[in-house]
Amino acid sequence: MTGTGVVAAVDLGATSGRVMLARVGPGRISMRQVVRFANDPLPLWHGDREALHWDLPGLYRHVANGLAEASRLEPGLLSAGIDSWAVDYGLLRGGAPLNLPYHYRDTRTADVVDAVHMVVDQAELYRRNGLQFLPFNTVYQLAADKLAGTLEVADSALLIPDLLGYWLTGTAVTERTNASTTGLLGLDGAWDVELRRRLALPDLFPDVVEPGTPLGPVLPGVATAFGLDSSFTLSTVASHDTASAVAAVPMAPESAAYISCGTWGLVGMELPAPLVGDAGRSANFTNEAGLDGRTRFLRNVMGLWLLSESVRHWQRTDSTVDLSRLLAAAATAPAPAAVFDVDDPLFRAPGDIPDRIAAWYAGRDLPVPDSPVRMVRAIVESLAVAFAAGVREAAELTGVAVRTIHLVGGGARNTLLCRLVAEHAGTPVLAGPVEATSLGNILVQARTHGLLRGDVDALRAEVRTAFPPRRYEPRTESIEKAG
């Protein structure tokens with residue numbers, strides 16, 4: 001195929017989702033949003049505790065309705081692809097769902113992490129899968145399901161984007177970039193059968209496929225129910241949202257670091273192969289699959305969750321609270337006397353984040369930010385320090401001389417954050433594109449249909465032309481277009 005064509009990206013984040021349309025061809029990428037919808041945790045009472053789940057049937061309806069609207073707006077729509085957050089999954093039996101998928105912020109894995117490590121310790125796990133330790137990694141969630149007896153009745157499992165794709169097309173696969181976050185995929189790119197055997201976990205996930213694999217047309221019943229054209233098709237993309245975002249970072253990997261900043265901040269570099277030495281494990285860096293066989297060597301840092309959850313809390317008592325106004329005021333507020341540890345587990349669960357931050361400061365006899373503006377300044381300053389430290393450590397571990405830091409995602413809109421990252425890192429920050437995840441999703445589909453050609457570096461060149469980043473210099477507030 002030559003010329004331009006239109007594809008749709010379904011991009012599901014941990015707090016919201018959207019369907020985007022894009023017209024793509026050589027030298028041209030134009031995007032517009034079709035629909036945006038909330039993605040809120042669903043708390044359900046489980047006997048003796050409250051558990052967090054995803055409202056996946058609700059998300060499915062939003063996705064299907066959004067795709068129907070996209071196909072109405074663009075009758076010649078070629079395909080759609082779905083990306084989402086990592087690690088979470090749905091269990092099925094005979095193709096039917098057994099549960100609402102658990103939310104990764106649920107606490108159910110607290111009692112099984114040590115049990116897993118008694119069988120396979122952290123050092124060996126890292127050598128086998130290259131993943132940083134996070135208590136909600138899929139392998140721990142499966143161990144929790146095993147303890148609860150849930151796995152006894154399941155015959156398959158699908159990660160979130162693969163499950164939605166299955167409901168739309170009837171085709172069950174496991175896309176590689178998301179598979180690499182489960183802890184069950186070996187560094188050779190195949191399912192680690194020995195690890196699964198040692199942990200007594202059943203064989204649940206289907207075969208691994210690459211980004212750009214056609215899934216087929218939507219099921220006739222789905223097309224009828226939602227008003228989709230029966231010829232409408234889906235294909236896999238880099239379905240872990242960070243993998244899609246990194247694919248759209250307009251960088252030169254040999255001299256750049258990236259920060260994909262949304263609910264989480266993913267800080268790291270792109271490497272040709274995994275790096276699984278003890279130093280990387282001790283620093284809690286992960287190796288996840290990227291597009292075209294690349295490795296995303298990165299660390300998860302708490303991200304804009306701290307701001308969004310704080311604003312959500314303030315708005316419960318004052319509906320006029322507005323993040324953009326708070327950020328504008330915070331830009332001229334004094335820096336906090338000290339930054340706080342954004343990765344303290346204290347801040348992981350939903351709730352009163354400002355009160356927890358205040359308790360963190362008070363518990364260390366440090367001055368407590370005493371207003372929403374000062375609290376926002378403390379959050380942004382602390383995030384910037386954590387991001388800069390992550391970049392420095394990634395550079396030390398990889399030997400890459402970082403000349404630029406690319407900050408993409410929602411954080412690229414936050415001029416205070418971009419400026420402070422440049423100042424604390426002492427390195428220019430190139431901000432944008434904001435819609436990096438949707439762009440990465442779109443680029444893979446465009447290549448699948450022959451609208452664009454070449455490897456991930458060629459795709460990034462298209463992004464650089466269509467969405468020039470904004471440059472923030474260290475120790476200055478000047479902003480200019482990147483050259």
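Modeller: Let's start with a definition: the radius of gyration here is taken over C-alpha atoms, and the globule rule is 2.2 Å times the number of residues to the power 0.38. Keep in mind that this is a predicted model.

Colleague: Okay, so what radius of gyration does the protein chain have, and what would a compact globule have?

Modeller: The chain has 22 Å, while a compact globule of 483 residues would come out near 23 Å, so the two agree. Along the principal axes, the C-alpha atoms fill a box of roughly 60 × 55 × 50 Å.

Colleague: How many helices and strands are in there?

Modeller: You'll find 17 helices and 21 strands in the protein chain. As for contacts between residues at least 6 apart in sequence, 72% join residues at least 24 apart.

Colleague: And what share of the residues counts as buried?

Modeller: Buried means under 20% relative accessible area. By that cut-off, 59% of the 483 residues qualify. The chain still exposes about 18500 Å², with carbon and sulfur atoms supplying 52% of that.

Colleague: Can we try one helix? Why is α5 described as largely enclosed by the rest of the structure?

Modeller: First, the general idea: an α-helix has 3.6 residues a turn, so residues three or four places apart point the same way. Now the case here: α5 covers residues 160–169, and nine of its 10 residues are buried, so the rest of the structure largely encloses it. Among those buried are Ile160, Asp162, Leu164, Trp167 and Thr169.

Colleague: What follows α5?

Modeller: Gly170 does, and its phi is positive, near 80°.

Methods: Residues are numbered from 1 along each chain as its sequence is written. This is a predicted model: local features need pLDDT of at least 70, side-chain atom pairs count only at pLDDT 80 or more; totals for chains, interfaces and linings use all residues. Side-chain values use heavy atoms; hydrogens and water are left out. Buried means under 20% relative accessible area, exposed over 50%, partly exposed in between (1.4 Å probe, protein chains only). Helices (H or I, at least four residues) and strands (E, at least two) are DSSP runs, numbered from the N terminus. Contact means heavy atoms within 4.5 Å. Accessible areas come from the Shrake-Rupley method with a 1.4 Å probe; for residues, only the protein chains shown count as cover.
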